[in-house]
Amino acid sequence: MDLDVFVSAHRAEWDRLDALLRRRRRLTGAEADELVTLYQRAATHLSLIQSSAPDPQISGRLTQLVARARSAVTGTRRASWRDVTTFLTQGFPAAVYRSRHWWVPTALLSTAIAALLGWWIGTHPEVQASIAAPAELRDLTRPGGQYETYYSSHPAASFAAQVWTNNAQAAAMCLVLGIFLGLPVLWILFQNMLNLGVGIGLMSSADRLDTFLGLVLPHGLLELTAVFVAAGTGLRLGWTVIDPGPRTRRAALAEEGRAALGMAIGLALVLFVSGAIEGFVTPSGLPTWARITIGIAAELAFLVYVYVLGGRAARAGETGDVDKTERSASVLTAA
């Protein structure tokens, strides 16, 4: 496509659309119809330029023009409590459900790696010696040691807030860094499994694995599930870079990226719940069976939420992406 000829042929339409958008008085019926027609044509022109002859200056002008026209045509839309409800009952669980083929295998493989690392560390004293000195290991694993006092070393509220912030950041990094072919996600995931494996190995070598699991399981089930969902989604985003499927790579990344952003918000809420459990339930005086039961109940509630609400919304066509009227108007539109 000859860009100069194309711009010369359509510049008058763009200028006319810009003039209509600058009108301070109310448009007549004919002018409103003309505005809609010119908006559709400008969206088509933008799509053609971006796909055939990308030019930053012209694309920038048209992008702004189309965005202003879309706002004028659809009206300014403000978020409402209905949007929040729709996101929590449809958008977020549907996005998690659609990513299940990524995060479920991620969870199974990661758990197996953590268990394998725990067995290796627990059965090899030389590996334990490379982690810390014998006196430090005894201080970590003894009754009342650091592994136990960690959860009660700070006030419950501040500890829960700190845990939530750290976990939410880790989940967000998995989602954002997935764009780099998923490689940073694998590193973050391995670090988490290594920390878990070290705890399993050291406490099992001290014959106190039951105590360790009693401390980890109440909050860890939901917390690790959220991390696995974030990691799986990040890996899926990385794979989209390699294989966008029937969509263009740009459209695929835009769609998956918007869904991932929504998942970051949803997972922050999930991690808030796990952080509250870790801050208030894990160090509480409840018996171990009661604390673990609370953790299992929270995990089952999340899975039901994803597979029932999310599955139903996904089958109805929900993808977790933003509403069509909120997306970029760079998709080919009939003039």
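Helices here are DSSP runs of H or I with at least four residues, numbered from the N terminus. This is a predicted model, where local features need pLDDT of at least 70, side-chain atom pairs count only at pLDDT 80 or more, and totals for chains, interfaces and linings use all residues. Residues are numbered from 1 along each chain as its sequence is written, and side-chain values use heavy atoms, leaving out hydrogens and water.

**Two helices side by side**
- The axes (lines fitted to C-alpha atoms over the stretch in contact) of helix 10 and helix 11 come within 11 Å, and they cross at roughly 170 degrees, on a scale from 0 to 180 degrees between N-to-C directions.
- That makes helix 10 roughly antiparallel to helix 11 (an angle over 145 degrees).
- Contact means heavy atoms within 4.5 Å; among the residues making it are Leu189 and Met193 of helix 10 and Phe212 and Phe228 of helix 11.

**Two loop residues with positive phi**
- Most residues other than glycine have a negative phi.
- Leu181, in the loop between helix 9 (156-177) and helix 10, has a positive phi of about 60 degrees.
- Asp207, in the loop between helix 10 and helix 11, also has a positive phi, near 60 degrees.

**Out at the surface**
- Relative accessible area (1.4 Å probe, protein chains only) sorts residues into buried (under 20%), exposed (over 50%) and partly exposed (in between).
- Leu181 is partly exposed at 47%, while Asp207 counts as exposed at 70%.
- Leu183, in helix 10, is exposed at 57%.

Note on methods. Angles under 35 degrees count as roughly parallel, over 145 as roughly antiparallel, 65 to 115 as roughly perpendicular and the rest as oblique.
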